[in-house]
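Here is my note on the model, as numbered points. Please read it beside the coordinates.

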Amino acid sequence: MSGWDDRVEQVWAEATGDEVSDETIARIDALAAERGPDDARAEFERAGARDSAGRPAEAVELYRRALALGLDEEHRPQCVIQLASSLRNLGEYDEALAVIRTEEEASADGPYRDAVAVVHALILASAGRPHQGLSVALLALVPHLPRYHRSMTAYAQEMAERDT
C-alpha cells in the first residue's frame with residue numbers, strides 16, 4: 001500500500017461513525033488533488049466521501065467518472081457496488097438493477113459477490129419487490145450453509161415468484 005493509500009485510510013478511520021462531514025470531504029478532495037483530475041482512484045475516493053455524507057447525486061457523477069477513467073480490479077467492483085447503492089438511494093431502481101446485475105455476472109466468483117447480492121436485494125426491496133430481494137439474499141447465503149443447499153435454493157426460488 002502506498003503512502004497516499006495510507007493517508008486516505010487514515011481519513012476514513014477518523015470519519016467512522018455518523019454521516020461524513022464537509023471536513024472529511026475537504027480532506028479527501030485535497031488528497032485526490034495530489035493525483036490530478038484524471039485519476040480514477042482519486043475520483044472514486046471523492047465519490048465515496050460524498051456518498052458517505054448523504055450526497056448520492058454528487059457521488060453518482062464521480063463514480064461514473066472513476067469507472068470511465070478505469071479502476072483497478074480491487075476498486076472497480078467496490079465502485080460499481082457503491083454506484084448501484086447510490087442510484088437506489090436516488091430512487092433510480094431500474095438503472096441500479098442494471099448496474100448491479102452486470103456486476104453480478106462480472107464478479108460471480110469474485111470477493112465482492114456477497115456484497116453485490118446484498119445491494120441487489122436492497123434494490124429489489126426498495127423497488128417494491130421484497131420477495132425477489134429476499135430470494136437474492138437467501139441464494140447468496142446458501143453456499144455458506146453447512147447443509148440444506150437444495151431445499152433452501154428451492155425455497156428462495158419459490159419466494160421470488162411471489163412478486164411476479
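The points below cover the basis of the model, its ring pair, its salt bridges and a charged patch.

1. Basis. This is a predicted model: local features need pLDDT of at least 70, side-chain atom pairs count only at pLDDT 80 or more, and totals for chains, interfaces and linings use all residues. Residues are numbered from 1 along each chain as its sequence is written, and side-chain values use heavy atoms, with hydrogens and water left out.

2. Aromatic pair. Rings of Phe, Tyr and Trp (its six-membered ring) pair if their centres lie within 6.5 Å; planes under 30 degrees apart count as stacked, over 60 as edge-to-face and the rest as tilted. The count by this rule is one aromatic pair. The ring centres of F44 and Y63 are 6.3 Å apart and the planes stand at 45°, so the pair is tilted. It links distant parts of the chain: F44 sits in helix α3 (residues 40–52) and Y63 in helix α4, 19 residues apart. Helices here are DSSP runs (H or I, at least four residues), numbered from the N terminus. F44 and Y63 are both buried (under 20% relative accessible area, with exposed over 50% and partly exposed in between; 1.4 Å probe, protein chains only).

3. The whole structure has 16 salt bridges, each a side-chain nitrogen of Lys or Arg within 4 Å of a carboxyl oxygen of Asp or Glu. One of them joins E43 and R65 (3.2 Å, N to O). This pair also links distant parts of the chain, with E43 in helix α3 and R65 in helix α4, 22 residues apart. E43 is buried at 5% relative accessible area; R65 is partly exposed at 32%. Both belong to a salt-bridge network that also includes D22, D29, D38, R46, R50, R55 and E58.

4. R64 and E95 meet at 2.2 Å, N to O. R64 lies in helix α4 and E95 in helix α6 (residues 93–106), so the bridge ties together parts 31 residues apart in sequence. R64 is partly exposed at 37% relative accessibility, and E95 is partly exposed at 33%.

5. Negative patch. D6, E9, D72 and E74 form a negative surface patch. Patch residues have over 30% relative accessible area and no salt bridge, with like charges joined within 9 Å. E74 lies in the loop between α4 (56–69) and α5 (75–89). E74 is partly exposed, at 49% relative accessible area.

6. A further bridge. R76 and E73 form a salt bridge (3.4 Å, N to O). E73 counts as exposed, at 58% relative accessibility.

Methods: Patch = residues over 30% accessible without salt bridge, like charges linked within 9 Å, V, L, I, M, F, W, Y side chains within 5 Å. Areas by Shrake-Rupley, 256 points an atom, 1.4 Å probe, with all protein chains shown as cover. Lys, Arg positive; Asp, Glu negative; His and termini not counted. Charge placed at Lys NZ, Arg CZ, Asp CG, Glu CD. Helix = DSSP H or I, 4+ residues; strand = E, 2+ residues; numbered from the N terminus.
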